[in-house]
Amino acid sequence: RQMQEEQRRAQENAVQVQQLLRTAQQQFNSRQYQAALAAVDEALKLEPGNVAAQQLKTRVVQTINILK
């Protein structure tokens, strides 16, 4: 029972992470860099080891630093 609950929660997190990453990418593409950073950070809170989120965060942070 507990295992099923953990699996359900993990699936919900995975879906939420994907939605956040799509949002972050769209915001990045629209040059809304701070919003993109917030979305990708939220995704990383849910799934710290997500490589796609880590890579996107690196791109966003690099872009923000270039524009300073």
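A nonpolar core is a set of buried Ala, Val, Leu, Ile, Met, Phe, Trp, Tyr and Cys residues joined through side-chain atoms within 4.5 Å, where buried means under 20% relative accessible area and exposed over 50%, with partly exposed in between (1.4 Å probe, protein chains only). The model you are looking at is predicted, with local features needing pLDDT of at least 70, side-chain atom pairs counting only at pLDDT 80 or more, and totals for chains, interfaces and linings using all residues. Residues are numbered from 1 along each chain as its sequence is written, and side-chain values use heavy atoms, leaving out hydrogens and water.

Let us start inside. The largest nonpolar core has 16 residues, and Leu 21, Val 40, Leu 56 and Val 60 have the most contacts inside it.

Val 60 touches Phe 28, Tyr 33, Ala 36 and Leu 37 (heavy atoms within 4.5 Å), leaving aside residues up to four places away in sequence.

Now for a helix pair. The axes of helix 1 and helix 3, lines fitted to C-alpha atoms over the stretch in contact, come within 11 Å and cross at roughly 25°. Helix 1 is therefore roughly parallel to helix 3 (angles under 35 degrees). Helix 1 contributes Leu 21, Ala 24, Gln 25 and Phe 28 to the contact, and helix 3 contributes Ala 52, Ala 53, Leu 56, Arg 59, Val 60 and Thr 63.

Finally, a loop residue: Arg 31 lies between helix 1 and helix 2. Arg 31 has a positive phi, near 65°, in a residue other than glycine, and is exposed, with a relative accessible area of 67%.

Key
Axes are lines fitted to C-alpha atoms, for helices over the stretch in contact, and angles run from 0 to 180 degrees between N-to-C directions. Helices (H or I, at least four residues) and strands (E, at least two) are DSSP runs, numbered from the N terminus. Angles under 35 degrees count as roughly parallel, over 145 as roughly antiparallel, 65 to 115 as roughly perpendicular and the rest as oblique.
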